[in-house]
Amino acid sequence: MPGKSTPVRLSKAAKEFNVGISTIVEFLSSKGYEVESNPNYKIDNAAYEVLVGEFQDSKKLKEKSKMVGVSSGKRETISIGRDKPTEQKPKEEDNSDEVLIKNVQGSSEDVIKPAAKKPGISIVGKIDLNKSSKPAPK
């Protein structure tokens with residue numbers, strides 16, 4: 001913005017040139033301008049022109065990256081599900097891998113026969129949720 005007549009805030013210049021506030025403060029201090037490290041500090045036109053001369057390439061790079069990321073404006077809907085249902089073959093139960101688990105709690109003995117054994121899952125026992133956790137008072 002070469003023809004600026006009003007002072008620019010330091011935070012706005014940092015966003016515009018895609019550099020940090022501390023970077024701008026250090027650069028202007030090295031060039032002889034007295035600048036506070038406050039984001040609301042207003043820099044004069046002469047200091048802004050010096051910033052334009054130094055950080056113009058960063059500004060162009062930021063604008064190019066914005067243009068690459070901008071889509072054409074059309075939104076596409078992508079469905080994750082299948083378009084056509086595939087026919088599933090009925091699974092044959094393999095009775096050779098049947099596991100019987102004996103559950104002994106109190107006086108009752110139950111034999112648990114799992115419906116289908118899934119890979120990676122092993123049934124260790126059974127928890128009775130109806131039984132209270134506190135012992136019965138005598």
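These legends describe close-up views of a predicted model. Residues are numbered from 1 along each chain as its sequence is written, and side-chain values use heavy atoms, with hydrogens and water left out. In this predicted model, local features need pLDDT of at least 70 and side-chain atom pairs count only at pLDDT 80 or more, while totals for chains, interfaces and linings use all residues.

**View 1. The largest nonpolar core has 17 residues.** A nonpolar core is a set of buried Ala, Val, Leu, Ile, Met, Phe, Trp, Tyr and Cys residues joined through side-chain atoms within 4.5 Å; buried means under 20% relative accessible area with a 1.4 Å probe, protein chains only. A13, F17, I24, L28, I43, L51 and F55 touch the most other members. At least two residues of this core come from each of α1 (10-17), α2 (21-30) and α3 (45-69), helices being DSSP runs of H or I of at least four residues, numbered from the N terminus. With five residues, α3 gives the most to this core.

**View 2. Surroundings of A13.** Leaving aside residues up to four places away in sequence, A13 touches V8, I24, I43 and L51; contact means heavy atoms within 4.5 Å.

**View 3. E16 in helix α1.** E16 counts as buried because its relative accessibility is 13%.

**View 4. The end of α1.** Just after α1, N18 takes a positive phi of about 60°.

Note on methods:
Buried < 20%, exposed > 50% of the residue type's maximum accessible area, 1.4 Å probe, protein only.
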